[in-house]
Amino acid sequence: MPLRQLASRLSPRGWAVVGGSAAVAILFLVMVMKFASAPSYSTILTGLNPAQTGKITSALDTKGITYQLQNGGTALAVESSQTSQARVALATDGLLGSQQPGMSLFDSSQLGASSFQQAITYQRALEGQLAQTIETIQGVTSASVQLVLPNQTAQLFANSSTPSTAAVELSGSTALDPGAVKGIAELVASSVQGLSSDKVTITDGNGDLLWPNGNSDGGGGSLLAKESAEQQYDQSEAAQLTAMLNQTVGPGMAQVAVNADLNANQATSQSLVYAKKGVPLQQQVGTETLTGTGVSNAAGTTGTIPAYATGAGSGKSNYANKTDTTTFGVNKTVTNTTIAPGTINRQSVSVLVSTKVPAAAIPALTAAVTNAAGILTSRGDTLSVKQIAFAKQPATPALSAPSKMMDYAKYGGVALGALAFLIFVTRLLRRREQEALTGQPTWLRELEAPRPLAALERGQFAEADEPSRVAQLKSPVNLAKRQVEDLVERDPDRVAQQVRAWMAED
């Protein structure tokens with residue numbers, strides 16, 4: 001039956017059913033397409049420490065890997081097609097290794113364990129707990145701690161005791177400040193009984209010794225401290241200048257590099273200031289007097305009286321002498337000043353600007369960078385600003401398509417869903433058509449086109465001049481009964497369905 005005739009015979013209820021079916025089919029197709037286009041994830045890490053999750057996600061973001069946190073942040077899943085890249089990225093940063101359990105080992109301790117097993121469990125738990133604590137320090141990506149603890153029972157009656165030692169390896173960590181390295185050493189030493197900081201060894205992923213070193217006192221005079229301080233200053237200064245230019249000329253339109261020479265030596269300055277007026281430290285006052293007749297060296301007099309005052313003749317003598325001696329001290333101020341390391345000896349700043357930036361803006365950018373970086377020509381600082389054509393930024397890689405088998409299965413599901421929808425709608429329309437045509441007589445359904453009135457008149461009056469002929473009378477026929485019988489013979493199920501519908505109406 002043509003679709004137009006089928007549509008013309010549908011009742012409002014039928015149209016409502018068709019519309020609802022179409023809406024359900026569209027919703028089903030949307031859900032199937034969403035499921036087909038959604039990436040599938042594979043779990044690669046479980047039992048993560050929440051303090052470690054942030055470092056892992058940062059490493060995956062740097063590599064552009066799509067990930068998904070599960071189980072409240074204690075499990076990590078990545079897209080199935082990027083599993084290999086994720087494992088390589090995490091292994092490079094030292095984040096793929098098994099997480100040390102820490103003090104949770106005692107949660108599964110067994111009853112009746114020997115003292116040796118308890119000692120080993122305690123050592124492993126302490127190592128894991130220290131590693132987890134060190135990993136929470138900023139700049140530390142992954143840490144591994146190995147402890148050597150002496151047997152306390154064996155040393156009870158020993159003449160000499162063996163000290164505890166510790167070895168710490170920092171894998172995938174950035175350059176740490178000497179103060180942070182010293183803090184890690186003190187942290188480990190304070191957490192282990194009988195361990196001193198000079199018995200702690202700290203190395204990085206390259207095998208370089210971080211502790212103990214020439215800078216164990218935290219003075220900052222070692223070569224490692226100088227390189228670390230210069231690297232941190234260069235990165236911090238370059239990041240600040242680049243952020244300033246990105247807000248001015250646009251993201252990705254300028255890049256800044258800083259190379260500074262810092263004075264990492266700790267020095268002591270001493271200054272001496274003298275006062276303008278002295279301070280008397282010691283004063284001596286002496287008085288001598290002599291009164292009498294001319295007696296030479298009278299009793300009770302000193303032998304230092306001059307001869308002219310003794311009255312060698314018959315005259316009288318009257319002698320007086322007063323002395324005043326004062327020792328002055330110089331008033332001075334001595335100031336001792338400790339100069340902290342980090343003074344800039346000189347620095348060089350290089351700025352690369354894209355050619356898309358107007359040339360008229362270069363002088364203003366140069367002046368801004370000069371003031372922001374603190375360029376001093378008297379100190380030997382240099383600033384270079386150049387315009388070059390930047391390379392095109394690589395497009396963000398699109399999410400990789402799923403595997404071929406999964407792809408075929410998804411598209412096959414879409415095709416089956418569409419086919420099921422067509423079959424469902426077709427059967428529904430046929431059912432509604434049968435319900436609408438059940439009560440109509442057969443002759444009305446078989447009458448495809450009406451006969452014109454001219455044809456009827458022509459058939460009736462074509463032989464008007466001829467003599468009338470009397471047609472033979474036939475027995476009356478019950479047409480309705482014959483139609484019902486024909487319908488029962490052709491489609492009994494349809495008749496039974498109509499009868500059930502009539503009974504339901506009554």
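How many helices and strands are there in the protein? Colour this predicted model by secondary structure to see them: the protein has 13 helices and 14 strands.

**Whole chain.** Of the 506 residues, 25% count as buried. Now draw the contacts between residues at least 6 apart in sequence: 71% of these join residues at least 24 apart.

**Helix 4.** Next, select residues 83–92, which form helix 4. Show the side chains of T83, A86, A89 and L90, the buried residues of this helix. These four lie on the same side of helix 4, because they cover an arc of only 130 degrees around the axis.

**The salt bridge.** Which side chains meet in a salt bridge? Select D381 and R379, whose side chains pair with a distance of 2.5 Å, N to O. Side chains of opposite charge can pair when their charged atoms come close. Colour the two residues by relative accessible area. D381 is buried, since its value of 6% falls under the 20% cut-off. R379 is partly exposed, because its value of 26% lies between the 20% and 50% limits. A search of the whole structure finds 1 salt bridge, so the tour ends at this pair, D381 and R379.

Conventions
Residues numbered from 1 in each chain as written. Predicted model: local features only at pLDDT ≥ 70, side-chain atom pairs only at ≥ 80, totals over all residues. Heavy atoms only, no water. Helix = DSSP H or I, 4+ residues; strand = E, 2+ residues; numbered from the N terminus. Buried < 20%, exposed > 50% of the residue type's maximum accessible area, 1.4 Å probe, protein only. Contact = heavy atoms within 4.5 Å. Arc of directions from axis to C-beta. Salt bridge = Lys/Arg side-chain N within 4 Å of Asp/Glu carboxyl O.
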